[in-house]
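Good morning. Please look at the structure while I go through it.

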Amino acid sequence: PEGVTGMTYKVYTVDGLICAPEVSLVTKDMKNSTAYYDSKEEIYTETTVYNDELADIYSQFAIETVQTVQRYQTNDTSLRNVRDYVDDSSNYYKYLKNLDTRWYADHIAHEYSDEAVAEFYAYSDEVFSCRYVGTQIITRTKKDIRYFDLDCTLYFKLTDGEFMCYNIIFN
């Protein structure tokens, strides 16, 4: 999505070493990262450094964003409520605005379980993403209960001083 640049890696190859080198890695923000050695591939790699501070601040907001968008798509809330979470100038909001939700089957309950948000990654001071997983439970009748596994990546950008979702991609 807009404002997101994929991770880049640099590969350095050194041949003819007598012993294994000490390898250190630094992120683009100049933070130390851990190097892992794969003896089978004979290569050092780094794991993605996620942002715990963003997770602390925005985990609940991310969960509410997914729930509100899903409730809108099942005709359980209005687009007005979606604007509290989704940037109304984004292409994703325009997609939701034009989405026909009247097709959805009537139901008597709409719940969520096993929700988790993780993998908060800051692309810049103004854009970050995170991953949501959970189960959407739609009760159509007392005997007809449907379970839908949700797994998506949410993208947030700074809009008028606060972070708003501007895209959701289902994995």
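What you see is a predicted model. Let me begin with the charges. Side chains of opposite charge can pair when their charged atoms come close. How many salt bridges does the structure hold? It holds five, and I will go through some of them.

Take Asp87 and Lys157, which form a salt bridge with their closest N and O atoms 3.7 Å apart. This pair links distant parts of the chain, 70 residues apart. Asp87 sits in the loop between α2 and α3, while Lys157 belongs to strand β7. Is Asp87 buried or exposed? Asp87 is buried, because its relative accessible area is 4%, and buried means under 20%.

Next, Arg131 and Glu119. Their side chains meet in a salt bridge at 3.7 Å, N to O. Arg131 is in strand β6 and Glu119 in strand β5, so the pair ties together parts twelve residues apart in sequence.

Arg131 also forms a salt bridge with Asp151, where the closest N and O atoms are 2.5 Å apart. Asp151 lies in strand β7, so this pair joins parts that are 20 residues apart in sequence. Through shared partners, Glu119, Arg131 and Asp151 make one network.

Last, the surface patch. Val23, Tyr37 and Tyr44 form a nonpolar patch, with about 260 Å² of accessible area together. Val23 comes in the segment before β1. With a relative accessible area of 35%, Val23 is partly exposed.

That is the end of my part.

How values were computed: Residues numbered from 1 in each chain as written. Predicted model: local features only at pLDDT ≥ 70, side-chain atom pairs only at ≥ 80, totals over all residues. Heavy atoms only, no water. Patch = residues over 30% accessible without salt bridge, like charges linked within 9 Å, V, L, I, M, F, W, Y side chains within 5 Å. Areas by Shrake-Rupley, 256 points an atom, 1.4 Å probe, with all protein chains shown as cover. Salt bridge = Lys/Arg side-chain N within 4 Å of Asp/Glu carboxyl O. Helix = DSSP H or I, 4+ residues; strand = E, 2+ residues; numbered from the N terminus. Buried < 20%, exposed > 50% of the residue type's maximum accessible area, 1.4 Å probe, protein only.
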